[in-house]
Amino acid sequence: DNSFCTYTIAKEMFTEGRKLAGKGSCPLMYEWYGERYWGAAHGLAGITHALMDMDLKQEEQELVKGTLRYMIQNRFQSGNYPSAEGTEPDCLMHWCHGAPGIVLTLTKASQVYGEAQFLHAATDAADVVWNRGLLKCVGICHGVSGNAYVYLSLYRLTGKVVYLYRAKAFACFLLDKGSKLISDGEMHGGDRPYSLFEGLGGVASLFLDMVRPSESRFPAYEL
């Protein structure tokens, strides 16, 4: 059945994650094209996020929590997160790489495990996104739309209006100025301008979710 299939996949994910982690400080580690990524699209944040949707044994839950604690302890001094293990430049502020995607995973961890440290880390990272997350791209993967979902996720979890305000501020920026900035060449509409993750499809998804923010979900990521 489906539960058996998903657990079989999860078991393999833990086996491979522990193998690559070896005797390092991080309980789980994964590699993609030779890089040990941390982000939601290709790395630790995305993998642990998926694992938290599965029925895990206690030992497996501790591996997930330990991996998230490792990331929190080794974030940049600014509060942002590296794109990959050992990466130095603190420059990426995207769902795919950096704090925005990791906020969604930490918010999920707070919801699943009920531990305050994950919510505290999520809110700290969300403050960094607020200061640095108004990007020159529109999409949800590495643009303003994706960063707005940071605040929708925290709003659903905490009910705090400040997060709804911040999501609305990012959405209003796109609504008021996005089209003109794209036509003027000051903002990138995406290599695939109508796609969900790079282009206007993601903007449309955000606008629809702003109508009912308590029911919002980052497309294909938050279940």
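Which residues have the most contacts inside the largest nonpolar core? In this predicted model, those residues are Leu51, Met71, Tyr81 and Leu106, and the core that holds them has 65 residues. Helices H1, H2, H3, H4, H5, H6, H7 and H8 (200-211) each supply at least two residues of this core. The largest share comes from H6, with eight residues. Both domains take part as well: domain 1 (1-125) and domain 2 (134-222) each give the core at least three residues.

Once its neighbours within four places in sequence are left aside, leucine 51 is in contact with Ala10, Met13, Phe14, Leu28, Tyr30, Leu56 and Val64. Helix H2 is largely enclosed by the rest of the structure, because seven of its eight residues are buried.

Aromatic side chains come next. The structure holds 15 aromatic pairs. One of them joins tryptophan 38 and tyrosine 70, whose ring centres are 5.9 Å apart and whose planes meet at 55 degrees, so this pair is tilted. The pair links distant parts of the chain, 32 residues apart: tryptophan 38 sits in the loop between helix H1 (2-21) and helix H2 (44-51), while tyrosine 70 belongs to helix H3 (residues 58-73). Tryptophan 38 and tyrosine 70 are both buried.

A second pair is formed by tyrosine 151 and phenylalanine 170. Here the ring centres are 5.8 Å apart and the planes stand at 75 degrees; the pair is therefore edge-to-face, since an angle over 60 degrees falls in that class. Tyrosine 151 is part of helix H6 (residues 144-158) and phenylalanine 170 part of helix H7 (residues 161-183), so the contact ties together parts 19 residues apart in sequence. Tyrosine 151 and phenylalanine 170 are likewise both buried.

Ring pairs also build a cluster, which takes in Trp95, Tyr149, Phe197, Phe218 and Tyr221. A ring meets a charge elsewhere: lysine 65 lies over the face of tyrosine 113, at 5.1 Å from the ring centre.

Where do the annotated positions fall? The unreviewed UniProt entry lists Cys96, Cys141 and His142 under "binding site". These residues span 47 residues in sequence, yet no two of their C-alpha atoms are more than 6.3 Å apart, so they gather at one spot.

Cysteine 96 is found in the loop between H3 and helix H4 (99-113), and its relative accessibility of 6% makes it buried. Not counting residues up to four places away in sequence, cysteine 96 touches Gly39, Ala40, Ala41, Cys141 and His142. Histidine 142, in turn, occupies the loop between helix H5 (116-132) and H6. With a relative accessibility of 28%, histidine 142 counts as partly exposed. By the same exclusion of residues up to four places away, histidine 142 touches His94, Cys96, Leu135, Cys137 and Glu198.

Key:
Residues numbered from 1 in each chain as written. Predicted model: local features only at pLDDT ≥ 70, side-chain atom pairs only at ≥ 80, totals over all residues. Heavy atoms only, no water. Phe/Tyr/Trp six-rings, centres within 6.5 Å; stacked < 30°, edge-to-face > 60°. Helix = DSSP H or I, 4+ residues; strand = E, 2+ residues; numbered from the N terminus. Buried < 20%, exposed > 50% of the residue type's maximum accessible area, 1.4 Å probe, protein only. Lys NZ or Arg CZ within 6 Å of the ring centre and 35° of its normal. UniProt positions renumbered as here; feature names shortened; annotations may be inferred. Contact = heavy atoms within 4.5 Å. Core = buried A, V, L, I, M, F, W, Y, C linked by side-chain atoms within 4.5 Å. Domains from an automatic or database assignment.
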